[in-house]
Amino acid sequence: MSTGDRLPFLTVGPDRVLSIAGIAVLLGTALSVLLHVADVAGDPQALLLVILGALVASTLLARYVSAPVAALVAGGLIVVGANWYFLTLPEGIGVLSRVDVLLRDSLALLSGLSVLQITNAGAWALAITPGPVFLTWYLAIRGRYVLSTVVAGSLLTVFVLTGDAETMTALFGVVGAGTAVGFGDLARRDGSLGEADIVVVVLAAMVAATLTVGVIPAGAGHTFEFTGPSTVEASLTSTDDQIEMQGAISLSPAVRFTVVSDAPDNWVVKTYDRYTGDGWIRTGGTRAYGGSLSPPAGRTRTIEQSFRVESPVGTMPAAWRPTEVSRGAAGTVVTEQGTLDPRGSFDAGDSYAVTSENLISSDQALRTAGRDYPARIRERYLQLPASTPRRVAERTDRLTSTTDTPFDTATVIERWLRNNKQYSLDVDRPSGNTADAFLFEMGAGYCTYYATTMVVMLRTQGIPARLAVGYTSGELVDDNRYVVRGLNSHAWVQVYFPDEGWVRFDPTPPDPRRAEEQSRLREPGEVDATPDVAGTNGTTTGTPGTVTGAGSNGTSVAGSPPAPTPTTNASDPFDTPAAGDGGGPGLPSPDRVALGLLLLAGGVAGLRRVGVTTRVYRELWIRRPPDGPPSHQVTGAYERAEYLQAARTRDRRTGETVRQYLDAVDADDRLRRLGELYERARYAGRASRSDAAEAIDLLGQQVGGRFRG
Amino acid sequence: MKPTRRGHALIVLVLAGGLVGFAFGARALNAVIVSGGVGLVAGAVQLARAGEPELERRAPEPGHEGDSTTVEIDIESPVPCRVVDRVGEGLTALEEPVVETSGDGQLAYTVALERRGERRLGRATVVTTDSFGLFAREDVHPVETTVDVYPAVFGITGTLGTEQLGERPERGAFDRVREYQPGDPLRNVHWTSSAKSPDGLVVAEYTADQDDLVRLAAVSTGGTAAADRMATATASVALMFLDAGVPVALAISDGILPAQTGREHRRELLRLLTRTTGGELPAQTKRSADVLVQATERSVEIHDGRRSHTFQDLTVEASG
């Protein structure tokens with residue numbers, strides 16, 4: 001096209017402004033994901049600077065640099081970024097394994113590997129950002145809106161696939177893309193915005209459809225997942241390496257395992273290191289299990305466990321810390337955090353045996369462990385999103401102002417959470433930072449909230465901690481046999497002590513939780529194994545080395561609290577909270593307002609398309625009496641009356657005088673009189689106040705007459 | 001109606017998104033799939049409902065070989081469309097004969113008139129799309145038009161003209177003077193009256209004289225090249241006389257025009273010469289002609305009753 005060389009930014013019309021705004025929205029949604037990544041695992045300030053730099057550079061270069069050169073610049077930025085990112089990776093990772101990891105991760109993207117699981121995700125965000133931002137903005141400024149949309153849209157698509165972009169984010173991106181393409185075409189064709197109503201109507205239809213059709217199949221989509229995250233168990237022990245905070249949730253009584261063990265303990269499924277503000281991510285890879293694993297550094301006792309799988313699961317729980325898989329080791333992998341993973345799933349009837357070395361260091365030993373944390377621990381387990389509100393740290397500072405050791409700090413926080421928050425499964429998922437919300441806004445929550453908040457509080461004090469999930473010991477049915485059900489799933493905290501290892505703390509109040517489990521078990525038709533509630537003292541949540549003080553028999557409190565979940569069918573639990581629906585009742589969020597406005601604009605454009613707005617405007621115009629000086633009132637009154645007359649008969653032709661017209665349509669006397677006043681006001685320039693009053697009166701009769709007839 | 005490249009890309013995106021979503025969970029793919037689906041359906045419906053755009057061609061101004069003219073097509077379309085016009089043989093578009101409009105619009109471009117003849121414009125190809133350009137429908141608009149490319153004309157100020165006119169110094173009685181209008185030959189300007197007139201140039205008009213006309217006959221032997229030469233030479237000679245206010249009658253193998261002056265006559269004469277394929281005339285017609293143009297593939301000779309000139313001589317002299 002001959003317009004290729006013309007620089008369109010020299011002439012800026014509303015269509016161009018809208019196209020560029022569309023690109024900005026689309027790019028903004030992708031960048032919001034990257035900024036979130038940087039917030040969780042990097043430096044959001046640095047990323048903002050990089051984004052700003054790329055925008056400024058592309059704006060300037062768009063004037064001087066041709067498209068191929070710009071593509072080379074963008075490619076160069078990506079290559080440089082990738083190399084820089086590889087340099088930031090830990091020394092141990094060789095180039096080949098890096099490429100291997102890269103390929104594996106790329107495939108994993110399809111299935112929803114979060115960007116946050118990437119090693120050094122913050123650096124990764126910094127590295128990949130400038131290239132696409134530069135190219136997108138360059139193309140937008142040059143008026144190549146479709147190409148620009150493709151570049152920015154690809155970036156957003158990656159985040160949609162990784163699951164990092166929520167539905168609302170994606171929807172904004174889609175609207176941005178549609179705006180850019182639709183108005184970009186108008187700009188290219190030099191079309192007027194009068195043709196834009198279809199674009200607006202379609203965009204509004206997209207939003208409406210996504211918000212209505214799209215939300216309902218949140219369930220439909222989930223039917224293809226292993227488990228819907230509507231139970232505590234599903235949300236905690238899915239095979240994913242991420243946990244998203246959920247709202248109201250229920251307990252499943254299905255039996256998962258039978259464990260024969262020397263001693264009761266929590267059975268760990270997985271631990272999570274990276275806190276995203278509204279969930280958890282496990283970073284780092286896995287390696288095949290190849291013989292025994294190293295035990296904790298501190299004093300330990302050995303626990304021999306034998307697990308029999310009772311219903312299909314994709315996890316491999318074991319007492320902390322597993323050192324040997326003596327049976328069923330085939331295919332087992334070990335995560336960097338030291339937990340076991342079957343790499344696949346177990347069927348009912350499968351079994352495995354694990355030897356664990358359980359840390360039993362004394363409180364005193366833990367008190368004297370000090371703060372000499374290894375670098376690898378500091379780097380990974382002190383991470384907090386940069387956006388974590390300061391008041392979390394301040395509150396924790398005050399709470400722990402009297403403690404001297406990390407052990408005491410952890411004990412104080414654990415006790416404070418147990419004593420000051422109510423246990424409830426029926427909570428609204430908070431928007432924003434979960435720990436902050438639980439600490440300051442929510443009165444109640446369940447284990448995930450307690451544990452998350454405690455990890456965050458510890459990290460604000462410089463104490464390495466992580467979230468552990470798995471099952472409590474379960475129901476003791478025999479000498480050393482435990483029945484573990486879905487409702488035993490649990491989340492707690494592991495705190496690191498130098499030269500000792502990871503120590504369990506559990507900030508969830510144990511009694512209400514067990515009561516909840518019991519009430520769930522007693523619901524009719526829910527128990528598929530002989531309940532022996534009397535013997536549930538095995539579900540102790542006492543942490544080794546700490547004295548929980550809580551009674552270890554759940555029966556004493558069982559039955560007193562009401563079941564919070566009205567559901568009676570485990571397969572039909574609470575609705576999952578809609579993805580992206582962060583807000584409860586209250587003021588609508590800005591994004592909802594924006595989408596509402598778009599829907600409104602779509603409605604208006606649609607009405608305009610079918611001519612309703614013009615008619616409505618005319619109706620209002622007729623009813624509003626003309627104002628201003630008398631001559632304006634007279635001419636205004638006549639124009640309105642003539643419009644009414646024309647609606648009944650025909651329009652006045654161009655060149656036809658008022659008198660000819662009124663004769664031709666056989667107007668009544670009142671209209672003729674109005675015509676006289678009009679001609680005098682218009683052509684002789686004479687109109688008195690009384691003329692104006694008469695004209696308005698005559699118009700009133702016309703309008704009234706119209707509705708009588 | 002077919003998906004465009006853009007439409008294909010969106011279809012692939014929606015399908016792939018659906019597959020990935022069904023295989024690995026919905027995530028935010030709903031927003032992409034549902035919106036994309038809405039876009040595709042809306043685009044298809046919009047285009048399917050839209051009627052064909054209406055194209056109205058304005059008759060282009062004819063011109064001589066070597067001139068250029070403007071082609072204009074008015075477009076009325078309920079949906080965005082792209083109109084590409086085609087120019088026939090003997091014409092060359094000087095600008096891309098393409099326009100994209102969001103609805104109503106106009107395609108205007110310039111063509112160079114290169115070869116004598118009645119030249120074709122069209123048919124235009126109309127590609128209508130939906131508002132997002134996801135689907136396209138291609139129609140060939142049936143209406144075409146022609147533009148006349150008149151033969152090239154060279155100025156003749158050689159002896160032929162002066163002698164021919166010189167023999168008739170009394171070319172009708174002086175009738176009256178009137179104001180000069182653009183298009184009047186300078187020859188007719190009455191300089192003495194003009195000098196006295198406050199309105200500027202004044203043109204003399206003469207009463208028509210039956211005898212005062214030129215009978216022009218033209219023949220060619222050979223192919224198109226000979227016909228082209230004949231047309232150019234004949235047009236040049238005829239226009240010289242017409243410019244001088246002398247009525248010209250023309251006889252060629254394709255037809256005969258009675259002696260006339262005026263704009264309409266000029267146009268008819270040029271139209272005839274534009275279409276001529278050359279050929280012989282009866283000897284009788286040739287004999288009675290005041291001026292006879294005889295063209296071959298190589299040369300053109302012009303006889304004015306007493307002498308023969310080559311066309312080249314007349315024009316070379318003119319330019320010299």
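# A walk through the predicted model

A:Glu336 pairs with A:Arg380 in a salt bridge, with 2.8 Å between the closest N and O atoms. The two residues come from distant parts of the chain, 44 residues apart. A:Glu336 sits in the loop between strand 10 (333-335) and strand 11 (340-341) of chain A. A:Arg380 belongs to helix 13 (residues 375-381) of chain A. With a relative accessible area of 21%, A:Arg380 is partly exposed. Note that this is a predicted model.

Side chains of opposite charge can pair when their charged atoms come close. The structure holds 38 salt bridges over all chains. Another of them joins A:Glu310 and A:Arg308, at 3.3 Å from N to O. A:Glu310 has a relative accessible area of 26%, so it counts as partly exposed. A:Arg308 is also partly exposed, at 42%.

Further along chain A, A:Arg672 meets A:Asp663 in a salt bridge of 2.6 Å, N to O. A:Arg672 is partly exposed at 26% relative accessibility. A:Asp663 is partly exposed too, at 46%. Salt bridges with shared partners also build a network. Its members are A:Asp185, A:Arg188, B:Arg6, B:Arg82 and B:Glu100. That network therefore includes residues of chain A and of chain B.

Now turn to the aromatic rings. A pair of aromatic rings is described by the distance of the centres and the angle of the planes. Over all chains, a search of the whole structure finds 21 aromatic pairs. One of them is A:Phe257 with A:Phe307, an edge-to-face pair. The ring centres are 5.9 Å apart, and the planes make an angle of 85°. Which elements does this pair bring together? A:Phe257 lies in strand 2 (residues 255-261) of chain A, and A:Phe307 in strand 7 (residues 300-309) of chain A. The pair therefore ties together parts that are 50 residues apart in sequence. Both A:Phe257 and A:Phe307 are buried.

A:Tyr275 and A:Trp280 form another aromatic pair, this one tilted. Here the centres are 5.1 Å apart and the planes 45° apart. Are these two residues buried or exposed? A:Tyr275 has 0% relative accessibility, so it counts as buried. A:Trp280 counts as buried as well, at 1%.

Ring pairs also link residues into a cluster. It contains A:Phe257 and A:Phe307 again, together with A:Trp267, A:Phe346, A:Tyr352, A:Tyr471 and A:Tyr482.

Rings take part in charge contacts too. The charged end of A:Lys421 sits over the ring of A:Phe438, at 5.4 Å from the ring centre. The charged end of A:Arg466 sits over the ring of A:Trp502, at 3.9 Å from the centre.

The surface of chain A carries a nonpolar patch. A:Val593, A:Leu597, A:Leu600 and A:Val604 form it, with about 360 Å² of accessible area together. A:Leu600 is part of helix 19 (residues 590-609) of chain A. Its relative accessibility is 55%, so A:Leu600 counts as exposed.

The backbone has some details to inspect. Most residues other than glycine have a negative phi, and most peptide bonds are trans. A:Trp320 and A:Arg321 are joined by a cis peptide bond, with omega about 0°. A:Arg321 lies in the loop between strand 8 (318-319) and strand 9 (322-327) of chain A. In chain B, the bond from B:Gly122 to B:Arg123 is cis, with omega near 0°. B:Arg123 is in the loop between strand 9 (117-121) and strand 10 (125-129) of chain B.

Positive phi values turn up as well. A:Asp499 is not a glycine, yet its phi is about 65°. This residue is in the loop between strand 18 (489-497) and strand 19 (501-505) of chain A. A:Asp499 is exposed, at 65% relative accessibility. A:Asp666 has a positive phi near 60°. The loop between helix 22 (658-664) and helix 23 (669-684) of chain A holds A:Asp666. At 63% relative accessibility, A:Asp666 counts as exposed.

Finally, consider chain B as a whole. Its secondary structure comes to eight helices and 20 strands. Chain B has 320 residues, and 50% of them count as buried. Among its contacts with a separation of 6 or more, 66% involve residues 24 or more positions apart. The accessible surface of chain B is about 15,800 Å². Carbon and sulfur atoms account for 51% of that surface.

Conventions
Residues are numbered from 1 along each chain as its sequence is written. Chains are lettered from A and ligands numbered from 1 in the order in which they are written. This is a predicted model: local features need pLDDT of at least 70, side-chain atom pairs count only at pLDDT 80 or more; totals for chains, interfaces and linings use all residues. Side-chain values use heavy atoms; hydrogens and water are left out. Rings of Phe, Tyr and Trp (its six-membered ring) pair if their centres lie within 6.5 Å; planes under 30 degrees apart count as stacked, over 60 as edge-to-face and the rest as tilted. Helices (H or I, at least four residues) and strands (E, at least two) are DSSP runs, numbered from the N terminus. Buried means under 20% relative accessible area, exposed over 50%, partly exposed in between (1.4 Å probe, protein chains only). A charge sits over a ring if NZ of Lys or CZ of Arg is within 6 Å of the ring centre and within 35 degrees of the ring normal. Patches are made of residues with over 30% relative accessible area and no salt bridge: like charges are joined within 9 Å, nonpolar side chains (Val, Leu, Ile, Met, Phe, Trp, Tyr) within 5 Å. Accessible areas come from the Shrake-Rupley method with a 1.4 Å probe; for residues, only the protein chains shown count as cover. A salt bridge is a side-chain nitrogen of Lys or Arg within 4 Å of a carboxyl oxygen of Asp or Glu. Contact means heavy atoms within 4.5 Å.
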